[in-house]
Amino acid sequence: MQNIRIVLVNTSHTGNIGSTARAMKTMGLKELYLVDPVKAPDGQASALAAGATDILANCKIVPTLEDAIAGCGLVVGTSARSRTLPWPMLDPRECGEKLVVEADNYPVALVFGRENNGLANEELQQCHFHVCIPANPEYSSLNLAAAVQTLCYEIRMAHLNREALPVVDNEYPLVEDLERFYTHLEQTLTDTNFIVANHPGQVMTKLRRLFNRARPEAQELNILRGILASIDKK
């Protein structure tokens, strides 16, 4: 459980940070990352943490999402609405199980967006999977702390049922390795004029989706980097 990070991006209200800390502690989670919060945790956050002030005291405040997910092998982003370019999706139960299983091998992260408009598309593209809570379609508005509590509960239930879940032997690349691959891929495709620098379109977005869906293992990613290097030499 100590390998599971809860990440809040650009949170506006410190009370939501405190309520998140409380939701985490009730489910046995401790690692809270705050990405560029509008305001650092204050007295209101402590009041709503209701005994989970240790989570607040030990939270990490970082400037970017890249910093919050550094070193992670799995990143799941929360998304309340359907996107024009669908991403690999998990339901809450699958999300909890996948996070718990893969946390045996490396840090993993569950990312929540802003209270008013969630995660930006660029932020969602840094996630391997998206998760959506199947709320009442006639009134699907969940506040931030309620969404955190719901998904932390699924993580808790998966943790309690860990012995019944599969073991992941695959060695997946960390997010930094994937980002280096995407940078290399884009540069090579630009050098070969497959991507037109002035009009790149959505090529890289669609390729990110393709590789996130395929989830290449570390060794497979090394092969892909080798292929790109051979093209660069030519």
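1. Helix α5 spans residues 92-102, and its buried residues are Pro92, Cys95, Gly96, Leu99, Val100, Val101 and Glu102; buried here means under 20% relative accessible area, exposed means over 50%, and partly exposed lies in between, with a 1.4 Å probe and protein chains only. Helices (H or I, at least four residues) and strands (E, at least two) are DSSP runs, numbered from the N terminus. This is a predicted model, in which local features need pLDDT of at least 70 and side-chain atom pairs count only at pLDDT 80 or more, while totals for chains, interfaces and linings use all residues. Residues are numbered from 1 along each chain as its sequence is written, and side-chain values use heavy atoms, with hydrogens and water left out.

2. The buried residues of α5 pack against β1 (4-9), β4 (74-78), β5 (89-90), β6 (108-112), β7 (129-131) and α7, where contact means heavy atoms within 4.5 Å. At the start of α5, a side-chain oxygen of Asp91 comes to within 3.1 Å of the backbone nitrogen of Arg93. This is judged as a polar contact, that is, a pair of N or O atoms within 3.5 Å; within protein, one must be able to donate a hydrogen and the other to accept it, and residues adjacent in sequence count only if both atoms are side-chain atoms.

3. Thr20 belongs to helix α1 (residues 14-26), and Thr20 counts as buried because its relative accessibility is 0%. A polar atom of the Thr20 side chain lies 2.9 Å from the backbone oxygen of Asn16. If neighbours within four places in sequence are left aside, Thr20 is in contact with Ile6, Leu8, Leu32, Leu144, Ala145 and Val148.

4. The structure holds two aromatic pairs. Phe181 and Tyr182 form a tilted pair, with 5.6 Å from centre to centre and 50 degrees between the planes. Phe181 and Phe211 form an edge-to-face pair, with 5.0 Å from centre to centre and 85 degrees between the planes; this pair links distant parts of the chain, since Phe181 is in helix α8 (residues 175-191) and Phe211 in helix α9 (residues 203-214), 30 residues apart. Rings of Phe, Tyr and Trp (its six-membered ring) pair if their centres lie within 6.5 Å, and planes under 30 degrees apart count as stacked, over 60 as edge-to-face and the rest as tilted.

5. Ring pairs join Phe181, Tyr182 and Phe211 into a cluster. Phe181 and Phe211 are both buried, and Tyr182 counts as buried because its relative accessibility is 3%.

6. The charged end of Arg215 sits over the ring of Tyr172, 4.0 Å from its centre; the rule is that NZ of Lys or CZ of Arg is within 6 Å of the ring centre and within 35 degrees of the ring normal.

7. The largest cavity has a volume of about 60 Å³, and its lining consists of Gln125, Gln126, Cys127, His128, Val175, Leu178, Glu179, Tyr182, Arg208 and Asn212. The largest share of this lining, four residues, comes from α8. On a 1 Å grid over the protein atoms alone, a cavity is a set of points where a 1.4 Å probe fits but cannot get out, and a pocket is an open set with protein on both sides within 12 Å along at least five of seven lines; lining residues have an atom within 4 Å of a point. Grid points are joined across faces, edges and corners, and a volume is the space filled by probe spheres set on the points.
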